[in-house]
Amino acid sequence: MQIAEHSDRYVEVQGLVKLFGNDIAVNEISFSIPRGKFLTLLGPSGCGKTTTLMSIAGLHGIDAGTIRVGGVTYTSKAEGIFLPPEKRDIGMVFQSYAIWPHMTVMENVAYPLEIRKVAPDEIQVRVAEVLRLVSLTEMASKPATQISGGQQQRVALARAIVSRPRLLLFDEPLSNLDLKLREQMRVKLKRIQHEVGITSIYVTHDQAEALVMSDEIIVMNKGRIEQKGSPHDIYARPVNAYVSNFIGVANLLTGRVVQVIAPGRGEVELMEGATPVRLPCLLGEQMKAGQQAVVSVRPESVQVSRDGGAGGRIEGEVVQVIFLGNCVDCRVRWGSFEWKVLAHPRAGLHKGEKVYLRLDPERTLAVQP
Amino acid sequence: MSVQTISTVVTDAPLSSRWRSLVTQESVATLIVSVIVAGAVLLPLFTLIISSFQVLDAGGFDTTWGLDNYRALFTDRIIPKAFVNTLLISAGSTVLATLLGVSLAWINARTNCPWRDRLEPYNLIPFFLSPFVGAIAWHNLAAPNIGLINVWARDYLGVSGHLINVDNIYGVIWVTGIFFSPLVYLFVVGSLRRMDPALEDSSRTAGAGLLRTTLTVTLPLVAPGILSGAIIVFVTSAGEFGVPFKLSAPYGWETLTTQIFSKAVGDDANHYLGATMSMALGAITAFFIYVQQRYIAPRSFTTVTGKGFRPNVVDLGRWKWVAFGYNITFVLIAVALPIFCLLLVSLHPVWQGRIIPSAMTFHNYEKTLFFWRADSIKAATNGISNSFILAFAGATIAMVLSLVVSHMIHRSKGFGARLLDFLCVVPIGFPGIVLAMGVLVTYIKTPIYATLWIILLGYITRFFPYGQRNVSAVMLAISAELDQSSRLAGASWFTTLRRITIPLLKPGIFAGWVLLFIIFLRELSISIILYTSGTETLSVGVYYLVNFENEALTAALSIAQTVVLLLCVIIFRRVAGREALTA
């Protein structure tokens with residue numbers, strides 16, 4: 001038990017399969033989370049991320065696999081174990097917040113402690129403490145229906161953490177808030193999670209949310225894991241075109257690996273655009289010479305200049321300039337391909353201008369299609 | 001991975017521990033309730049089918065298997081006529097109730113008729129009162145000889161003979177049509193109110209006039225609601241016992257229900273033939289309800305988006321006073337006039353068609369209500385106490401059942417959820433008198449026969465779906481995540497039910513309870529089959545007075561029942577609001 005509690009495999013999901021009728025919602029996925037870390041399951045709707053979360057919560061059974069948390073087996077199809085949700089010691093924040101409308105804020109937050117038969121005066125202390133943590137002290141005696149969406153969201157968080165559970169689960173908790181509040185809550189939520197130190201799993205389809213909050217991100221697609229890694233890795237070294245496209249914005253061009261120069265480095269030939277171009281680049285895992293590839297370049301990694309100096313082999317025409325305040329979003333037509341480029345406002349680009357694009361080999365990535 | 005490997009993993013689980021994981025509070029409760037509901041609903045219908053093939057011999061003791069009962073449906077002296085009369089009455093009532101219901105709903109939902117908000121509750125009152133009492137009232141108003149209207153017509157207008165006569169199948173159509181018009185009203189007013197006004201506005205902007213828009217957009221969108229209401233009226237009229245028993249059967253127009261009744265009780269009782277007639281009636285009603293549930297009800301949801309809309313209102317100009325007059329007239333004829341007439345009749349020692357103020361007395365109320373008096377009529381006083389016991393116990397048990405069943409259908413969704421969903425519709429497909437025949441033949445040889453228990457069983461089986469719908473409607477509006485978060489907070493299934501689910505459903509549960517209380521308090525067609533001396537109900541008491549005492553005593557008990565029902569309606573409106581009734 002002790003070993004499991006402190007290992008890197010505090011949460012361990014193995015071979016999880018969940019079917020809905022004949023549809024495979026989650027297709028044999030495995031992952032683990034170290035204690036105290038914040039993991040995000042990221043993907044479009046229908047990718048199986050919420051199903052995975054519900055399986056961990058025990059809100060439905062699974063069709064194969066094992067789920068263990070802190071050395072306790074929650075669900076094991078092979079051993080025939082299914083711990084009901086109330087025995088799992090989990091705190092969960094739902095998308096709808098699920099604040100009970102017939103109770104006050106304080107009663108909502110005190111509920112998990114009452115169920116655990118904590119002494120009344122200790123409940124008082126702990127509820128007050130957790131309400132202070134989410135800055136809702138003065139709302140304590142209000143009916144739950146008379147507070148705003150953002151406040152309900154914090155009540156839900158307070159209720160989830162008040163019993164200091166083994167694990168915190170978040171099901172798209174910020175998706176019902178407006179943009180400004182959402183951005184504030186990202187930071188606040190992450191800080192609170194860090195303070196209480198409870199291992200957390202967070203489900204979202206918002207890549208910005210995932211990048212800001214997570215220690216680790218799992219990108220899911222069609223019931224499978226596409227990539228698991230730190231936010232930086234996922235952004236800078238996506239393993240394939242799907243991840244690259246889902247996280248942030250990228251120029252994705254079809255191409256072919258010409259040669260491997262060193263491990264992880266090579267040369268790629270673009271098969272799209274005005275003229276065939278060969279570029280030095282980083283190679284994704286298992287990329288070999290002659291292989292089809294997708295070349296991924298982030299818009300901020302493309303340099304624009306008016307003179308065709310060394311390396312400026314991509315010559316295009318500016319077709320659109322969108323001013324975004326701190327930068328300029330340009331579209332540059334290059335034969336059949338249109339580049340997305342983030343340029344500095346002082347570059348003073350105009351529509352119709354001829355420009356040259358330069359790609360940094362360290363930020364040009366050839367991955368599996 | 002392939003599905004094959006999944007299935008091998010699944011079957012690897014040791015059997016004993018899989019069994020253990022199945023035994024939870026939830027699954028045990030589900031199993032028990034499923035068995036109870038399935039038994040209560042299916043057993044009577046099953047026995048009914050079997051009994052319908054048992055033929056009573058000439059001696060009236062032994063039975064043989066055969067189709068003679070079914071043959072009798074066509075060859076009997078009375079049954080074929082009763083069949084035709086039932087269809088005529090149902091068709092006529094449906095037309096009348098639909099005309100009344102749709103026009104009143106449109107006036108209330110879509111016109112600037114004055115005081116329409118105030119009128120609405122009065123339009124719905126017939127829904128809560130007893131049609132049997134309505135028939136008694138109309139007999140006293142418009143019977144050829146003693147009917148008040150005819151007496152006045154002779155006295156003041158010089159009419160010879162009579163002006164109108166309700167002692168025939170037209171009278172039955174008149175009374176059932178009026179009493180069941182709220183069923184259509186409720187179906188239609190909901191879709192008229194919740195229809196997105198943009199649907200009509202876009203037709204108007206496309207160049208269609210008001211009339212054209214009403215005919216091409218509004219009416220087709222409301223059509224499923226109208227059709228649903230019409231079918232429910234048809235089925236309810238076909239199963240109505242009290243009205244034809246009072247108005248048409250004594251004058252030679254028997255119906256299937258009055259015939260079933262005479263085969264279930266009385267000297268020439270033949271339960272098996274009664275069962276066969278019940279089968280015939282039940283086959284018709286079940287078919288219509290199946291069509292309504294399967295094809296029409298799902299379509300009526302397409303006009304309802306759930307958003308709160310402010311529906312378009314038609315300015316009737318001066319015609320709004322005509323609409324107002326029409327609505328007021330309906331309320332006067334459907335509610336005020338019959339109650340007023342009964343009140344008059346009840347105050348006379350003997351009713352002879354004349355108001356005699358000097359002779360007025362409360363004697364009839366004393367005889368029917370004062371159970372402690374030696375000269376009180378036991379069938380009436382027993383009926384009152386029994387009905388309150390049955391209504392209170394029945395509504396309570398049915399709502400507990402409704403709660404668990406709704407929870408299983410909408411929350412657990414485990415095994416049995418679909419079966420339960422189906423079982424909750426089945427009783428709606430069968431008139432009370434049919435289900436009561438099933439209950440009678442099933443339990444006649446058990447100790448619960450001739451007790452209140454068998455009536456309670458009949459009531460709950462037939463009417464718990466009404467309560468279940470009330471609970472389900474609220475449950476669907478409440479997110480399942482509210483329950484789930486309680487489970488995750490560490491509460492067991494039962495604790496969650498007690499502390500989260502039930503408190504949230506309280507308004508729905510209470511509204512359903514009052515509705516069932518009202519239904520049970522006026523119930524006749526189940527009680528009339530299952531009662532025996534000592535287990536009379538309120539409506540059976542009225543029946544007894546109709547049969548063995550005079551009109552004045554009957555009127556007194558009828559007024560007593562009506563007053564109690566009206567009080568319940570006021571309570572119901574307080575707790576439920578006006579949307580709670582929309583079926």
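Reply: We can start with Ala473(B), which is partly exposed because its relative accessible area is 49%. Buried means under 20% relative accessible area, exposed means over 50%, and partly exposed is in between, with a 1.4 Å probe and protein chains only. This is a predicted model, where local features need pLDDT of at least 70, side-chain atom pairs count only at pLDDT 80 or more, and totals for chains, interfaces and linings use all residues. Residues are numbered from 1 along each chain as its sequence is written, chains are lettered from A and ligands numbered from 1 in the order in which they are written, and side-chain values use heavy atoms, with hydrogens and water left out.

Me: Where is Ala473(B) found?
Reply: Ala473(B) is part of helix α20 of chain B, residues 452-477. Helices (H or I, at least four residues) and strands (E, at least two) are DSSP runs, numbered from the N terminus.

Me: And how many residues apart are Ala473(B) and Ser406(B) in sequence?
Reply: They are 67 residues apart in sequence, and the C-alpha to C-alpha distance between Ala473(B) and Ser406(B) is 9.3 Å.

Me: How many helices and strands in the secondary structure of chain B?
Reply: Chain B has 25 helices and 2 strands. Of its 583 residues, 55% are buried.

Me: What radius of gyration does chain B have?
Reply: Chain B has 26 Å, which agrees with the value near 25 Å that a compact globule of 583 residues would have. The radius is taken over C-alpha atoms, and the globule rule is 2.2 Å times the number of residues to the power 0.38. The C-alpha trace of chain B spans about 95 × 75 × 50 Å along its principal axes.

Me: What about contacts in chain B with a separation of 6 or more?
Reply: Residues 24 or more positions apart account for 76% of those contacts in chain B. A contact means heavy atoms within 4.5 Å.

Me: Switching to chain A. What is the order of the open sheet of 5 strands?
Reply: The order is β2-β1-β4-β5-β6 in chain A, with antiparallel pairing. Its edge strands are β2 (23-33) and β6 (81-82) of chain A, each pairing on one side only. Two strands pair if DSSP finds at least two bridges between them.

Me: Over how many bridges do β1 and β2(A) pair?
Reply: Strand β1 (residues 11-20) of chain A pairs with β2(A) over 8 bridges, in the antiparallel sense. Phe20(A) is opposite Asp23(A) of β2(A).

Me: Which strands does helix α2 of chain A lie across?
Reply: Helix α2 (residues 49-57) lies across β1, β2, β4 (64-69) and β5 (72-76) of chain A, at about 65° to β2(A). Axes are lines fitted to C-alpha atoms, for helices over the stretch in contact, and angles run from 0 to 180 degrees between N-to-C directions.

Me: And the barrel, what order do its 5 strands take?
Reply: The barrel closes in the order β12-β13-β14-β21-β15 in chain A, with mixed pairing. The twist averages 50° from one strand to the next.

Me: How do β12 and β15 of chain A pair?
Reply: Strands β12 (residues 251-262) and β15 (residues 292-297) of chain A are antiparallel, over 6 bridges. Gly255(A) has Ala293(A) as its bridge partner in β15(A), and Leu253(A) has Val295(A).

Me: What joins β12(A) to β13?
Reply: 6 bridges join β12(A) to strand β13 (residues 265-270) of chain A, and the two run antiparallel. Val257(A) is opposite Val268(A) in β13(A). The hairpin of β12(A) and β13(A) has 2 residues between the strands, and Gly264(A) takes a positive phi near 80° there.

Me: Is Asp206(A) buried or exposed?
Reply: Asp206(A) counts as buried because its relative accessibility is 17%. Asp206(A) lies in the loop between β9 (199-204) and α7 (207-213) of chain A.

Me: What does the side chain of Asp206(A) make a polar contact with?
Reply: The partner is the side chain of Arg186(A), at 3.3 Å. The side chain of Asp206(A) also reaches the backbone nitrogen of Ala208(A) at 2.9 Å. A polar contact is a pair of N or O atoms within 3.5 Å; within protein, one must be able to donate a hydrogen and the other to accept it, and residues adjacent in sequence count only if both atoms are side-chain atoms.
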